[in-house]
Amino acid sequence: MMNQNVVISDTKSGFSMEIVVSIRDPLFPQAVVPMQLAAGGQPIVWTAQSLKMIETAAAAAGGGGGGGGRISAWVDSMRASSPTRRPPHENNEENNKSWIIRHPSALSMFDEIVMGSKGKQIVMFLDYDGTLSPIVDDPDRAFISPEMREAVRDVAHYFPTAIVTGRCRAKVYSFVKLAELYYAGSHGMDIKGPTKGHQYKKSNQTVLCQPAREFLPMIDEVYKSLVTKTKSIPGAKVENNKFCLSVHFRCVDEKRWPELAEVVKTVLNDYPKLKMSPGRKVLEIRPIIKWDKGNALEFLLESLGYANSKDVMPVYIGDDRTDEDAFKVLRKRGQGFGILVSKVPKETNASYTLQEPSEVMCFLKRLVEWKKSSLQRF
(Lines give C-alpha, C1' and ligand atoms only; values in the text may rest on other atoms or scores of the structure.)
Protein backbone atom coordinates (compact mmCIF):
# COMPACT_ATOMS: atom_id res chain seq x y z
CA MET A 1 0.00 0.00 0.00
CA MET A 2 1.38 3.39 -0.89
CA ASN A 3 0.11 6.96 -1.21
CA GLN A 4 -0.17 8.50 -4.66
CA ASN A 5 -0.24 12.17 -5.66
CA VAL A 6 -3.20 12.55 -7.97
CA VAL A 7 -4.69 15.63 -9.61
CA ILE A 8 -8.48 15.53 -9.55
CA SER A 9 -10.58 17.86 -11.69
CA ASP A 10 -14.34 18.39 -11.65
CA THR A 11 -15.46 19.72 -15.03
CA LYS A 12 -18.75 21.09 -13.68
CA SER A 13 -17.27 23.13 -10.86
CA GLY A 14 -13.87 23.78 -12.37
CA PHE A 15 -12.33 22.45 -9.17
CA SER A 16 -8.82 21.02 -9.51
CA MET A 17 -6.23 20.19 -6.88
CA GLU A 18 -3.53 17.72 -5.96
CA ILE A 19 -4.29 15.33 -3.14
CA VAL A 20 -2.69 12.31 -1.56
CA VAL A 21 -4.79 9.15 -1.82
CA SER A 22 -4.41 5.58 -0.61
CA ILE A 23 -5.56 2.71 -2.78
CA ARG A 24 -8.11 0.39 -1.16
CA ASP A 25 -6.59 -2.43 0.83
CA PRO A 26 -7.69 -5.95 -0.19
CA LEU A 27 -8.53 -6.79 3.43
CA PHE A 28 -10.89 -3.81 3.54
CA PRO A 29 -12.60 -4.16 0.14
CA GLN A 30 -15.54 -1.93 1.09
CA ALA A 31 -13.67 0.68 3.09
CA VAL A 32 -13.03 4.16 1.74
CA VAL A 33 -9.72 5.33 3.17
CA PRO A 34 -9.91 8.98 4.28
CA MET A 35 -7.99 11.36 2.02
CA GLN A 36 -5.49 13.93 3.18
CA LEU A 37 -5.08 17.29 1.47
CA ALA A 38 -1.62 17.60 -0.08
CA ALA A 39 -1.45 21.28 0.79
CA GLY A 40 -3.15 21.08 4.20
CA GLY A 41 -6.53 22.51 5.15
CA GLN A 42 -9.92 21.02 5.97
CA PRO A 43 -11.06 17.61 4.68
CA ILE A 44 -13.16 17.60 1.52
CA VAL A 45 -16.46 15.73 1.35
CA TRP A 46 -16.39 13.58 -1.79
CA THR A 47 -19.41 12.26 -3.60
CA ALA A 48 -19.50 8.64 -4.75
CA GLN A 49 -18.71 9.85 -8.28
CA SER A 50 -15.71 11.84 -7.04
CA LEU A 51 -14.41 8.84 -5.09
CA LYS A 52 -14.63 6.73 -8.24
CA MET A 53 -12.61 9.36 -10.12
CA ILE A 54 -9.98 9.29 -7.37
CA GLU A 55 -9.69 5.50 -7.38
CA THR A 56 -9.41 5.41 -11.16
CA ALA A 57 -6.68 8.03 -11.11
CA ALA A 58 -4.85 6.26 -8.29
CA ALA A 59 -5.00 2.97 -10.16
CA ALA A 60 -3.47 4.65 -13.20
CA ALA A 61 -0.70 6.06 -11.02
CA GLY A 62 0.20 2.59 -9.74
CA GLY A 63 -0.18 0.56 -6.54
CA GLY A 64 1.71 -1.75 -4.27
CA GLY A 65 3.72 -0.76 -1.25
CA GLY A 66 5.10 -1.95 2.04
CA GLY A 67 3.56 -3.22 5.24
CA GLY A 68 3.89 0.14 7.03
CA GLY A 69 1.68 1.88 4.50
CA ARG A 70 -0.84 -0.96 4.67
CA ILE A 71 -1.11 -0.72 8.47
CA SER A 72 -1.57 3.04 8.16
CA ALA A 73 -4.42 2.46 5.71
CA TRP A 74 -6.01 -0.08 8.07
CA VAL A 75 -5.89 2.41 10.94
CA ASP A 76 -7.42 5.07 8.70
CA SER A 77 -10.22 2.62 7.90
CA MET A 78 -10.70 1.91 11.61
CA ARG A 79 -11.09 5.64 12.25
CA ALA A 80 -13.44 6.09 9.29
CA SER A 81 -15.69 3.27 10.52
CA SER A 82 -15.58 4.38 14.14
CA PRO A 83 -15.54 8.19 14.34
CA THR A 84 -15.04 9.55 17.85
CA ARG A 85 -16.56 12.88 16.89
CA ARG A 86 -18.51 14.32 14.01
CA PRO A 87 -16.41 15.48 11.06
CA PRO A 88 -16.87 19.20 10.29
CA HIS A 89 -19.06 18.52 7.23
CA GLU A 90 -21.56 16.52 9.30
CA ASN A 91 -22.31 19.62 11.36
CA ASN A 92 -23.22 21.45 8.18
CA GLU A 93 -26.94 22.19 8.40
CA GLU A 94 -27.41 22.22 4.63
CA ASN A 95 -25.78 18.79 4.26
CA ASN A 96 -27.90 17.38 7.07
CA LYS A 97 -31.12 18.67 5.51
CA SER A 98 -30.19 17.27 2.11
CA TRP A 99 -29.44 13.87 3.62
CA ILE A 100 -32.70 13.81 5.60
CA ILE A 101 -34.67 14.63 2.46
CA ARG A 102 -33.10 11.63 0.73
CA HIS A 103 -33.43 9.39 3.81
CA PRO A 104 -36.43 10.64 5.82
CA SER A 105 -37.38 9.37 9.25
CA ALA A 106 -39.33 6.10 9.18
CA LEU A 107 -41.48 7.57 11.96
CA SER A 108 -42.47 10.69 10.04
CA MET A 109 -43.13 8.56 6.93
CA PHE A 110 -44.94 5.81 8.83
CA ASP A 111 -48.31 6.31 7.13
CA GLU A 112 -46.71 6.13 3.69
CA ILE A 113 -44.85 2.97 4.69
CA VAL A 114 -47.92 1.07 5.87
CA MET A 115 -49.91 2.23 2.84
CA GLY A 116 -47.25 0.62 0.66
CA SER A 117 -47.75 -2.67 2.49
CA LYS A 118 -51.41 -2.97 1.49
CA GLY A 119 -52.10 -6.52 0.30
CA LYS A 120 -48.58 -7.64 1.17
CA GLN A 121 -47.01 -9.68 3.96
CA ILE A 122 -44.51 -7.66 6.00
CA VAL A 123 -41.41 -9.61 7.01
CA MET A 124 -39.18 -7.96 9.64
CA PHE A 125 -35.38 -8.25 9.74
CA LEU A 126 -33.59 -6.66 12.70
CA ASP A 127 -29.91 -6.15 13.48
CA TYR A 128 -29.05 -6.42 17.18
CA ASP A 129 -26.22 -4.16 18.42
CA GLY A 130 -27.04 -0.50 17.86
CA THR A 131 -30.56 -1.42 16.72
CA LEU A 132 -32.28 -3.41 19.46
CA SER A 133 -29.67 -2.62 22.09
CA PRO A 134 -27.39 0.40 22.54
CA ILE A 135 -23.72 0.20 21.64
CA VAL A 136 -21.82 -0.36 24.90
CA ASP A 137 -18.15 -0.66 25.87
CA ASP A 138 -18.47 -4.30 26.91
CA PRO A 139 -20.12 -6.38 24.14
CA ASP A 140 -21.03 -9.02 26.73
CA ARG A 141 -23.31 -6.46 28.41
CA ALA A 142 -25.25 -5.32 25.34
CA PHE A 143 -28.54 -6.27 26.94
CA ILE A 144 -31.93 -5.69 25.35
CA SER A 145 -34.37 -3.82 27.59
CA PRO A 146 -37.55 -5.57 28.79
CA GLU A 147 -39.63 -2.98 26.90
CA MET A 148 -37.74 -3.60 23.64
CA ARG A 149 -38.08 -7.36 24.10
CA GLU A 150 -41.83 -6.93 24.49
CA ALA A 151 -41.97 -4.79 21.34
CA VAL A 152 -40.08 -7.44 19.33
CA ARG A 153 -42.31 -10.21 20.74
CA ASP A 154 -45.41 -8.29 19.65
CA VAL A 155 -44.00 -7.71 16.17
CA ALA A 156 -43.21 -11.43 15.83
CA HIS A 157 -46.81 -12.23 16.74
CA TYR A 158 -48.06 -10.45 13.62
CA PHE A 159 -45.12 -10.73 11.19
CA PRO A 160 -42.34 -13.24 10.50
CA THR A 161 -39.38 -11.71 12.35
CA ALA A 162 -35.65 -12.43 12.17
CA ILE A 163 -32.63 -11.08 14.00
CA VAL A 164 -29.65 -10.86 11.63
CA THR A 165 -26.40 -10.13 13.44
CA GLY A 166 -22.66 -10.53 13.35
CA ARG A 167 -22.86 -12.02 16.83
CA CYS A 168 -22.88 -15.71 17.66
CA ARG A 169 -26.44 -16.96 17.26
CA ALA A 170 -26.47 -18.62 20.68
CA LYS A 171 -25.28 -15.44 22.41
CA VAL A 172 -27.91 -13.24 20.79
CA TYR A 173 -30.57 -15.79 21.69
CA SER A 174 -29.36 -15.64 25.31
CA PHE A 175 -29.89 -11.86 25.20
CA VAL A 176 -33.28 -11.83 23.43
CA LYS A 177 -34.81 -15.08 24.75
CA LEU A 178 -37.67 -15.17 22.25
CA ALA A 179 -38.17 -18.66 20.81
CA GLU A 180 -40.62 -17.48 18.14
CA LEU A 181 -37.96 -15.59 16.14
CA TYR A 182 -35.64 -16.60 13.33
CA TYR A 183 -31.99 -16.06 14.30
CA ALA A 184 -29.22 -15.48 11.74
CA GLY A 185 -25.90 -15.22 13.57
CA SER A 186 -22.32 -14.76 12.33
CA HIS A 187 -23.47 -12.37 9.58
CA GLY A 188 -26.02 -14.90 8.39
CA MET A 189 -23.68 -17.90 8.33
CA ASP A 190 -25.63 -19.62 11.13
CA ILE A 191 -29.41 -19.56 10.66
CA LYS A 192 -32.09 -21.29 12.68
CA GLY A 193 -35.85 -20.97 12.70
CA PRO A 194 -38.30 -20.67 15.62
CA THR A 195 -38.28 -23.44 18.20
CA LYS A 196 -41.86 -22.61 19.15
CA GLY A 197 -44.74 -23.22 16.76
CA HIS A 198 -45.08 -20.39 14.24
CA GLN A 199 -47.86 -19.81 11.73
CA TYR A 200 -45.44 -18.68 9.01
CA LYS A 201 -43.19 -21.74 9.03
CA LYS A 202 -43.48 -23.95 5.92
CA SER A 203 -43.09 -27.12 8.02
CA ASN A 204 -42.33 -28.31 11.51
CA GLN A 205 -38.62 -28.45 10.69
CA THR A 206 -36.50 -25.56 11.95
CA VAL A 207 -34.60 -23.67 9.27
CA LEU A 208 -30.90 -24.46 9.48
CA CYS A 209 -28.19 -23.00 7.26
CA GLN A 210 -24.46 -23.11 8.00
CA PRO A 211 -22.58 -22.47 4.74
CA ALA A 212 -19.21 -21.95 6.47
CA ARG A 213 -19.10 -25.06 8.65
CA GLU A 214 -15.81 -26.25 7.10
CA PHE A 215 -14.10 -23.10 8.45
CA LEU A 216 -14.86 -23.81 12.12
CA PRO A 217 -11.47 -25.39 13.00
CA MET A 218 -9.62 -22.54 11.26
CA ILE A 219 -11.67 -19.86 13.01
CA ASP A 220 -11.07 -21.51 16.36
CA GLU A 221 -7.31 -21.51 15.70
CA VAL A 222 -7.31 -17.83 14.80
CA TYR A 223 -9.43 -17.00 17.84
CA LYS A 224 -6.94 -18.64 20.22
CA SER A 225 -4.02 -16.94 18.51
CA LEU A 226 -5.63 -13.49 18.63
CA VAL A 227 -6.62 -13.86 22.30
CA THR A 228 -3.01 -14.66 23.18
CA LYS A 229 -1.42 -11.95 21.03
CA THR A 230 -3.79 -9.11 21.98
CA LYS A 231 -3.36 -9.59 25.75
CA SER A 232 -0.64 -6.92 25.77
CA ILE A 233 -3.04 -4.29 24.35
CA PRO A 234 -5.28 -2.91 27.13
CA GLY A 235 -8.96 -2.81 26.21
CA ALA A 236 -8.71 -5.18 23.22
CA LYS A 237 -11.31 -7.94 23.23
CA VAL A 238 -11.67 -10.86 20.83
CA GLU A 239 -15.17 -12.32 20.53
CA ASN A 240 -15.75 -15.77 19.05
CA ASN A 241 -18.99 -15.63 17.07
CA LYS A 242 -18.57 -19.25 15.94
CA PHE A 243 -18.42 -18.70 12.18
CA CYS A 244 -16.63 -15.35 12.43
CA LEU A 245 -14.57 -13.33 14.91
CA SER A 246 -14.87 -9.77 16.21
CA VAL A 247 -11.84 -7.87 17.46
CA HIS A 248 -13.31 -5.04 19.54
CA PHE A 249 -11.21 -1.89 19.98
CA ARG A 250 -13.83 0.41 21.52
CA CYS A 251 -11.87 0.46 24.80
CA VAL A 252 -8.41 0.61 23.20
CA ASP A 253 -6.47 3.87 23.30
CA GLU A 254 -6.39 5.22 19.74
CA LYS A 255 -2.60 5.44 19.96
CA ARG A 256 -2.53 1.64 20.24
CA TRP A 257 -4.73 1.03 17.16
CA PRO A 258 -1.72 0.63 14.82
CA GLU A 259 -0.29 -2.00 17.18
CA LEU A 260 -3.62 -3.86 17.24
CA ALA A 261 -3.90 -3.70 13.45
CA GLU A 262 -0.36 -5.09 13.14
CA VAL A 263 -1.22 -8.01 15.45
CA VAL A 264 -4.36 -8.89 13.47
CA LYS A 265 -2.52 -8.54 10.14
CA THR A 266 0.30 -10.82 11.32
CA VAL A 267 -2.12 -13.54 12.42
CA LEU A 268 -4.22 -13.37 9.24
CA ASN A 269 -1.14 -13.62 7.01
CA ASP A 270 -1.23 -17.36 7.68
CA TYR A 271 -4.95 -17.67 6.86
CA PRO A 272 -5.65 -16.45 3.30
CA LYS A 273 -9.13 -18.00 3.40
CA LEU A 274 -10.22 -15.44 5.98
CA LYS A 275 -10.95 -11.77 5.28
CA MET A 276 -11.25 -8.73 7.50
CA SER A 277 -13.49 -5.67 7.33
CA PRO A 278 -14.00 -2.75 9.73
CA GLY A 279 -17.20 -2.00 11.62
CA ARG A 280 -18.18 0.30 14.47
CA LYS A 281 -15.14 0.00 16.79
CA VAL A 282 -14.66 -3.59 15.64
CA LEU A 283 -12.65 -5.57 13.10
CA GLU A 284 -14.74 -8.39 11.64
CA ILE A 285 -12.94 -11.54 10.51
CA ARG A 286 -14.94 -13.85 8.26
CA PRO A 287 -14.45 -16.68 5.74
CA ILE A 288 -13.95 -15.51 2.15
CA ILE A 289 -17.11 -17.27 0.95
CA LYS A 290 -19.74 -15.07 -0.71
CA TRP A 291 -22.22 -15.00 2.12
CA ASP A 292 -23.39 -11.97 4.07
CA LYS A 293 -26.49 -10.45 5.64
CA GLY A 294 -27.98 -9.93 2.19
CA ASN A 295 -27.68 -13.63 1.41
CA ALA A 296 -29.22 -14.42 4.79
CA LEU A 297 -32.20 -12.18 4.00
CA GLU A 298 -32.76 -13.93 0.66
CA PHE A 299 -32.40 -17.37 2.24
CA LEU A 300 -34.99 -16.57 4.91
CA LEU A 301 -37.45 -15.14 2.39
CA GLU A 302 -37.09 -18.32 0.33
CA SER A 303 -37.56 -20.47 3.45
CA LEU A 304 -40.76 -18.58 4.20
CA GLY A 305 -42.03 -19.17 0.66
CA TYR A 306 -41.53 -15.61 -0.61
CA ALA A 307 -38.56 -16.13 -2.96
CA ASN A 308 -40.43 -15.01 -6.09
CA SER A 309 -43.54 -13.56 -4.51
CA LYS A 310 -44.80 -10.08 -5.29
CA ASP A 311 -46.97 -10.13 -2.19
CA VAL A 312 -44.21 -9.56 0.36
CA MET A 313 -42.66 -6.43 1.87
CA PRO A 314 -39.36 -7.11 3.64
CA VAL A 315 -38.25 -4.44 6.13
CA TYR A 316 -34.63 -4.48 7.34
CA ILE A 317 -33.46 -2.25 10.22
CA GLY A 318 -29.73 -1.98 10.97
CA ASP A 319 -27.01 0.47 11.92
CA ASP A 320 -23.69 -0.92 10.62
CA ARG A 321 -21.97 -1.13 7.25
CA THR A 322 -22.51 -4.92 7.25
CA ASP A 323 -26.24 -4.18 7.08
CA GLU A 324 -25.69 -2.41 3.77
CA ASP A 325 -25.47 -5.85 2.11
CA ALA A 326 -29.11 -6.41 3.07
CA PHE A 327 -30.15 -2.89 2.05
CA LYS A 328 -28.62 -3.50 -1.39
CA VAL A 329 -30.55 -6.76 -1.82
CA LEU A 330 -33.83 -4.99 -1.09
CA ARG A 331 -33.07 -2.27 -3.63
CA LYS A 332 -32.17 -4.89 -6.22
CA ARG A 333 -35.36 -6.85 -5.54
CA GLY A 334 -37.43 -3.68 -5.78
CA GLN A 335 -39.34 -4.90 -2.75
CA GLY A 336 -39.46 -3.54 0.76
CA PHE A 337 -36.88 -1.13 2.11
CA GLY A 338 -34.01 -0.66 4.54
CA ILE A 339 -34.00 1.60 7.60
CA LEU A 340 -30.60 2.88 8.76
CA VAL A 341 -30.18 3.60 12.48
CA SER A 342 -27.88 6.61 12.64
CA LYS A 343 -27.72 10.09 14.13
CA VAL A 344 -25.30 11.34 11.46
CA PRO A 345 -25.40 11.36 7.65
CA LYS A 346 -23.81 8.28 6.02
CA GLU A 347 -23.63 6.82 2.55
CA THR A 348 -26.36 4.18 2.59
CA ASN A 349 -28.67 2.09 0.45
CA ALA A 350 -31.41 2.38 3.06
CA SER A 351 -34.57 4.31 2.18
CA TYR A 352 -35.40 5.62 5.65
CA THR A 353 -33.65 6.38 8.94
CA LEU A 354 -34.15 6.17 12.68
CA GLN A 355 -31.76 7.85 15.07
CA GLU A 356 -31.34 5.31 17.88
CA PRO A 357 -32.77 2.12 19.43
CA SER A 358 -35.49 4.08 21.26
CA GLU A 359 -36.85 5.19 17.87
CA VAL A 360 -36.61 1.63 16.59
CA MET A 361 -38.79 0.55 19.51
CA CYS A 362 -41.27 3.33 18.77
CA PHE A 363 -41.44 2.23 15.12
CA LEU A 364 -42.04 -1.41 16.10
CA LYS A 365 -44.79 -0.43 18.54
CA ARG A 366 -46.54 1.73 15.94
CA LEU A 367 -46.36 -1.15 13.47
CA VAL A 368 -48.07 -3.46 15.96
CA GLU A 369 -50.76 -0.90 16.80
CA TRP A 370 -51.43 -0.33 13.09
CA LYS A 371 -51.76 -4.08 12.51
CA LYS A 372 -54.09 -4.50 15.47
CA SER A 373 -56.36 -1.68 14.34
CA SER A 374 -56.43 -2.95 10.74
CA LEU A 375 -57.49 -6.42 11.93
CA GLN A 376 -60.25 -4.95 14.09
CA ARG A 377 -61.78 -3.28 11.06
CA PHE A 378 -62.45 -6.65 9.42
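This is a predicted model: local features need pLDDT of at least 70, side-chain atom pairs count only at pLDDT 80 or more; totals for chains, interfaces and linings use all residues.
1. Thr228 is located in helix α7, which spans residues 216–229; helices (H or I, at least four residues) and strands (E, at least two) are DSSP runs numbered from the N terminus. The residue is exposed, its relative accessible area being 52%. On the scale used here, buried means under 20% relative accessible area, exposed over 50%, and partly exposed in between, with a 1.4 Å probe and protein chains only.

2. Residues are numbered from 1 along each chain as its sequence is written, and side-chain values use heavy atoms, with hydrogens and water left out.

3. The overall inventory is as follows. The protein has 11 helices and 15 strands. Buried residues make up 50% of its 378 residues. Contact means heavy atoms within 4.5 Å. Of the contacts with a separation of 6 or more, 62% are accounted for by residues 24 or more positions apart.

4. The largest one has 55 residues, of which Phe125, Leu226, Val264 and Ile285 touch the most other members. Helix α8 (residues 257–268) gives the most to this core, with 7 residues.

5. Ile285 deserves a separate entry. Not counting residues up to four places away in sequence, Ile285 touches Leu226, Cys244, Leu245, Val247, Val264, Leu268, Leu274, Lys275 and Met276. A second, separate core of 40 residues includes Val114, Val152, Ala156 and Val315. As a general matter, nonpolar side chains in soluble globular proteins tend to be buried together.

6. Cys244 occupies the loop between β9 (237–240) and β10 (245–248). Is Cys244 buried or exposed? Its relative accessibility is 0%, so Cys244 counts as buried. Leaving aside neighbours within four places in sequence, Cys244 is in contact with Gly166, Ser186, His187, Met189, Ile219, Glu239, Ile285 and Arg286. Cys244 and Gly185, 59 residues apart in sequence, are 9.3 Å apart in space, C-alpha to C-alpha.

7. Ser246 lies in strand β10 and is buried, with a relative accessible area of 3%. Apart from neighbours within four places in sequence, Ser246 is in contact with Lys237, Val238, Glu239, Asn241, Val282, Leu283 and Glu284. From Ser246 to Arg286 the C-alpha distance is 8.9 Å, and the two are 40 residues apart in sequence.

8. Two backbone entries concern phi. Lys242, in the loop between β9 and β10, has a positive phi of about 75 degrees although it is not a glycine. At 33% relative accessibility, Lys242 counts as partly exposed. Lys177 has a positive phi of about 60 degrees, and it too is not a glycine; its place is in the loop between α6 (169–176) and β6 (182–185). Lys177 is exposed, with a relative accessible area of 57%. Most residues other than glycine have a negative phi, and most peptide bonds are trans.

9. Helix α9 (residues 293–303) and helix α10 (residues 324–333) pack at an angle of about 55 degrees, with their axes 6 Å apart. Axes are lines fitted to C-alpha atoms, for helices over the stretch in contact, and angles run from 0 to 180 degrees between N-to-C directions. The two helices are therefore oblique to each other; angles under 35 degrees count as roughly parallel, over 145 as roughly antiparallel, 65 to 115 as roughly perpendicular and the rest as oblique. Lys293, Gly294, Leu297, Glu298 and Leu301 of α9 make the contact with Asp325, Ala326, Val329, Leu330 and Arg333 of α10.

10. Arg366 is placed in helix α11 (residues 357–376) and is partly exposed, with a relative accessible area of 30%. Not counting residues up to four places away in sequence, Arg366 touches Leu107, Phe110 and Asp111. The C-alpha atoms of Arg366 and Val155 are separated by 9.8 Å, the two being 211 residues apart along the chain.

Terms used: A nonpolar core is a set of buried Ala, Val, Leu, Ile, Met, Phe, Trp, Tyr and Cys residues joined through side-chain atoms within 4.5 Å.
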